[in-house]
Amino acid sequence: MLTIKDVAREAHLSPTTVSRVLNNRGYISEKTRKLVYDTMEKLNYHPNKIARSLQSNTSNLIAILVPDSSNPFFGELVTCVERQCMKHNYRLILCNSFDTYEKESRYLKLLQEQNIDGLIACSHILDENSYKNISLPVVSFDKDYRNDKIPIVCSDNYLGGTIAAQHLHEKGCKRLLHIAGPLTDKSLLGHGRFFGFKNYCEKNGIDVVTYSTENHFSVEYYREFILSSVRESLDSFDGAFCSNDLIAFALFQILQEQNIPVPKAFKVVGFDHTIFTKTVSPKLTTVAQNIPLIAEHLVNTLLEMQNGGSPERGVVKLDVRLIRGETT
């Protein structure tokens, strides 16, 4: 049976250097890394990942826990995170909580029992106590667990809400509707969208009415919510900011069915700018999150923690920008 000693002998390198390449430890030049992998391919050598994991106390596995990867935003985020992991010779385990306490709790317990190198937490059902004594490196997306051991990466949600309000204001809107996500859990940093939008409207004398919905991540759910909660008063507004693009598209569909012309009589702004947003018609005006950059920060922060570094604590906020579409 081939071993790393055989690879080292064929490549004229030391077994230690080959081991460092396989375990992604220390500085290795790209030339040396390529030589090792070319030699492994030549010899048809496949390292025993379980043995390597036990020996090095690292598995080169990262887990990402999301509410539902079928949601366009989280699906795109998972893809970008996986690409970042591949760049660093890590593999990604995908865990869907489906927004249930039991599922997220079971995954959290299971992942701590496995020899994974870290967790990217994007599912937000469990509270801060569930993550208080967690035994592996964790980086959070868009939630404050009030734990200085858990760095947070998010978009500048407050700026996003402000940008949306300012754009609608500049387009002449005077009475605005805001359909927000859940507003009861103050640890969710997405609340910043609501506060940015609300504060801009208050400072500029613009009437705004807010409706809060649960996160069910489907156009069908949001259609039902709008039809049951907002439909009767839609004609009293001239614009809306929706906290994600699924809500915005559902609202646009209903406005069309109600014969309220968009954007002539009613203007709509969403939030996210995922692949979904780029393919639907008409093109939504939306506030774009930089999903590839979010993924890069999440993975780099986690790997820095895993390698014994001390990444910046607190919240890292990434810029957002307005994408002008056909709905304003």
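Predicted model: local features only at pLDDT ≥ 70, side-chain atom pairs only at ≥ 80, totals over all residues.
**Surroundings of S140 and selected features of the fold**

With a relative accessible area of 0%, S140 is buried, because burial is assigned under 20%. One of its contacts, L298, is 158 residues away along the chain, yet the C-alpha atoms of S140 and L298 are separated by 7.9 Å. The side chain of S140 also has a polar atom placed 2.6 Å from the backbone oxygen of K143.

Strand β4 forms part of an open sheet of six strands, arranged in the order β2-β1-β3-β4-β5-β11 with parallel pairing. The edges of this sheet are formed by β2 (91-96) and β11 (315-318), each of which pairs on one side only. On average, and with direction ignored, neighbouring strands of the sheet are turned by 20° against each other. In general, the strands of a sheet pair through backbone hydrogen bonds, in either a parallel or an antiparallel manner. Within the present sheet, strand β1 (residues 61-66) and strand β3 (residues 118-121) run parallel and are joined by four bridges. In one of the pairings between these strands, I62 has G118 of β3 as its bridge partner. Helix α6 (residues 101-113) lies across β1, β2 and β3. The direction of α6 is at about 150° to that of β2.

A helix-helix contact is formed by α2 (residues 15-22) and α3 (residues 30-43), whose axes are 10 Å apart and meet at an angle of about 95°. The two helices are therefore roughly perpendicular to each other, as this angle falls in the range of 65 to 115 degrees. From α2, the residues T17, V18, V21 and L22 take part in the contact; on the side of α3, they meet T32, R33, V36, Y37 and M40. By class, six nonpolar, two polar and one charged residues make up the contact of α2 with α3.

Most residues other than glycine have a negative phi, and most peptide bonds are trans. Two non-glycine residues with positive phi are N44 and F98, with values of about 60° for N44 and about 50° for F98. N44 is located in the loop between α3 and α4 (49-56), whereas F98 is located in the loop between β2 and α6. At a relative accessibility of 54%, N44 counts as exposed, because the cut-off for that class is over 50%. F98, with a relative accessibility of 47%, counts as partly exposed.

The bond joining V262 and P263 is cis, with omega of about 5°, and P263 is placed in the loop between α10 (245-257) and β9 (267-272). The peptide bond from S281 to P282 is likewise cis, with omega near 0°. P282 lies in the loop between α11 (275-279) and β10 (285-289).

Key. Residues numbered from 1 in each chain as written. Heavy atoms only, no water. Buried < 20%, exposed > 50% of the residue type's maximum accessible area, 1.4 Å probe, protein only. Polar contact = N/O pair within 3.5 Å; in protein donor to acceptor, adjacent residues only side chain to side chain. Axes fitted to C-alpha atoms, helices over the stretch in contact; angles between N-to-C directions. Parallel < 35°, antiparallel > 145°, perpendicular 65-115°, else oblique. Contact = heavy atoms within 4.5 Å. Nonpolar A, V, L, I, M, F, W, Y, C, P; charged D, E, K, R; others polar. Pairing = 2+ DSSP bridges.
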